Amino acid sequence: MVKIVTDSCSDITPQLAQEFGISVVPLYVQFGNETYRDNVDLSTEEFYHKLETSKTLPTTSTVTPVSFAELFTKLAEETKEILTITISERFSVTYEAALQAKAMVSKDCRIEVINSQSAAGGEMLLVISAAKMAQSGADLDQIADWVRKAVPRVQVRMSFDTLEYLRRGGRIGKAQAFLGSLLKANPVLGIKDGDTFPIARTRSRTQAVDFLVNFVKGFSQVEALAIEDATTPDDLETLAERLKDIVPPERIYRSKVGPVVGTHVGPQVLAVSVLEAE
Amino acid sequence: MRCDLADGQTLKEMFASGTAWLEKSAPDINAINVFPVPDGDTGTNMVLTMRSAMEEAKRNSDSDVSSVVKSMAHGALMGARGNSGVILSQFWRGLAKGLEGKAHFDGREFAEALVEASKTAYKGIVQPVEGTILTVLKDASRAAETAVKDDDALASVLEAAVKSAEESVARTPSLLPVLKEAGVVDAGGQGLYVLLDGALQFLKGESGKARYRMPHLVATESELVPRAAQMPTHLEMPYGYCTNFVLEGRNLNLGKIEKDLKKKGQSLIVTGDDSLARVHIHSFEPGQILEYATRLGKLHEITINNMDDQYAEFIEMQRERMPPVDITMVTVAAGDGFFELFNSLGSAIIVPGGQTMNPSVRELLQAVESAPSDGIILLPNNKNIISAAAQVKSLTSKKVMVIPARTIPQGVAAFLAFNYDMNLEQNAQVIEEAIKKVRTIEVTRAVRKTRLNGLEIKKGQFIAILDDEDLIARGDMVGDVIVQALGRAGAEKAEVVTIYYGAEIEAVAAGEIAEEVRGRYHNEVEVVYGGQSHYNYIISLE
């Protein structure tokens, strides 16, 4: 069976990873001199608590090729085919690290690396779909071909209370058009061509939730949906409640914005990712 | 001998790592380069200067640090580009002076050399400006000096210097107003921080890892960030030519050269010694500068860049970092506060006008024609301007969508609702929906005694009008009138109440009214300066 590998920026929960047999390689979060493996040494809850209380803002660093290579080598004992899906190259050099690792593996095993051009829930939907295909017996070429074609059908929308974290981490991209506003707003951003892109601004969290719901309504057919919150489970509940009549609940995956992504987007983020049907 | 003593080869390795780190962040450094000239080349210039220094270092296999650092200083001098590059070459010159005659160096000696580097850098500049690479170097060297007292290991001292450099970079906007206005930190300072940080990574054994990391850029503390669309597209004052060369001669008198060239341009730096000098100047007549210099000796490494071309490229580069502008919002507004507000919300062309001064069809047409895009969303923001706006449509070849916004808060709502992911027609639709959800209360004084909607109004009384139509409250106290009007307008159902106060209203008075509204209706209340003249207050309910 093809093994599916991804990085922790896909926000795949340990439960989902186990259910679909996905290997998740953690990136790192640093608070000062302390380094944590994303969602391994530091849970999402602990992370947001630290984010609020720590004097130093966290930074992140990527997976080294060696960690990827070690995992590939281990997996190669059970399989001859590995598919790795990474976060967009614009946000992290994880893709490059995975490519380097591919060259380091001497075992007889085919490894494909695909840049998801996305992150968080968007990346997650590609990974879960790939894992489902693997479980139903598809081979590496079939899955890789499907994922590459699915990449443009993935859309992410995130609502923010502040763009400060995104700005400080240098991942704001073209959404910098939303900085400097003299009115308080809850901006909604998307990911386009692998980079952050401004979408629109709302005046309150309620309006932001409305915006996200309307965004999903705009699709004629949704193959899968991922919804995530960082520190606002109530909002996620509201969102899930309002979306359940639009998309069948079995196609909705719930998760949390993890520590590494959270370092760059900050608390209070709500994210909706859609994989549009073919 | 102590085990942590470093030699010339260590220094070389440190700065090879530093240069690699600097190369990685060069594009980001270029993008924030606004001082002294926004030509977007600081990162590149620093990299080129460091590369030249490293080339010289490579050829020197001496273990003595004094020998290696001297080679690097020579390389930096020969290869220095631009303002920041020349200052960086001064840094190396100072470092070489500080480490002169030494075979090895430890933290203490490195700190002393940094102090010397800082002094030398300041001396090389005719008019040192704070909030630049100079300040960052000074702060870093001082921190290194202090750190020695606790722990004189090289890595600890450099770590203290790097940390201090980072903090210093973050402070640059508070020292140099042009940075604050642009919402950036100093590019040269950022470059120096990254260079030292890269050197530190080598000492910590982390330079390998660095290949898979992105350099951390120091973000400015200030909230305002530049917007490409707001940058001037043509210059009022040209910048001239950035002129750079190395002068080789005998008994060169640097002081005299400096004095002679001072009047011929800006950003002058003359560094080096009596046999080899580096000259950097921004001048309109580079020919004159070269002619003068050839009289003193031989010229090498001559580079002359047209900074106006560079500036145009810089603007282009900034544009690429912004979403494409294929739709422009043209909006009518009155009041300096509203002008700023609209500007902060996106690429806008503002036509002054409002209740007491309706802009003409021609003025609206001019604004539409001057917009950088073919798609236009036109916001009249007053019912008396809607028909003029509608006429513009047939007078231009551009695609104009006139949104029937009747109040300024509706215009603001239109800006917020603008969706970058949609085309002109879709946006017009979304915006029309959005403005319907906004209610506007305008508060002014009655100009004469009258009777309206069954209400008796005395001259000078405050009146509140809902959605530019219905008189809904009147009274002698403005606070009471507002609270009453909000009640009639359904304030308890609104999530956000925004109070835009006029030119003649004190911020404190507006704040007090906001408190009252908050207490009464429990919504989020935002107070914003509108600066309008006719209405004391304009209030929006969303």
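The model is predicted. Chain A is assigned two domains, domain 1 (3-152) and domain 2 (153-276). Chain B touches chain A, with 32 residues of chain B in contact with 28 residues of chain A.

**The two domains of chain A**

- The C-alpha centres of domain 1 and domain 2 of chain A lie 21 Å apart.
- Across the boundary, 36 residues of domain 1 of chain A are in contact with 28 residues of domain 2 of chain A.
- On the domain 1 side, α2 (44-53), β5 (59-61) and α5 (120-135) of chain A each supply at least two residues.
- Helix α5(A) gives the most to this side, with eight residues.
- By class, this side of domain 1 of chain A has 20 nonpolar, 12 polar and four charged residues.

**Where chain B meets chain A**

- The contact counts are 32 residues on chain B and 28 residues on chain A.
- On the chain B side, the elements that give two or more residues are α14 (336-345), α17 (408-417) and β15 (524-529).
- The largest share of that side comes from α14(B), which gives four residues.
- Sorted by class, the side of chain B that touches chain A has 17 nonpolar, five polar and 10 charged residues.

**A helix in chain B**

- Helix α4 of chain B covers residues 82-98 and has 17 residues.
- From its first C-alpha to its last, α4(B) reaches 24 Å. That is close to the 24 Å expected at 1.5 Å a residue.
- Of the 17 residues of α4(B), 16 are buried, so this helix is largely enclosed by the rest of the structure.

**Two loop residues with positive phi**

- Asn39(A) has phi near 60°, a positive value in a residue other than glycine.
- Asn39(A) sits in the loop between β4 (34-37) and α2 of chain A.
- Asn39(A) has 24 other C-beta atoms within 10 Å. The cut-off for buried is 20 or more, so Asn39(A) counts as buried.
- His522(B) also has phi near 60°, again a positive value in a residue other than glycine.
- The loop that holds His522(B) runs between α20 (507-521) and β15 of chain B.
- His522(B) has 10 other C-beta atoms within 10 Å. The cut-off for exposed is 12 or fewer, so His522(B) counts as exposed.

How values were computed. Residues numbered from 1 in each chain as written. Chains lettered and ligands numbered in written order. Predicted model: local features only at pLDDT ≥ 70, side-chain atom pairs only at ≥ 80, totals over all residues. Expected span 1.5 Å × (residues − 1). Domains from an automatic or database assignment. Contact = placed C-beta atoms within 7 Å. Nonpolar A, V, L, I, M, F, W, Y, C, P; charged D, E, K, R; others polar.
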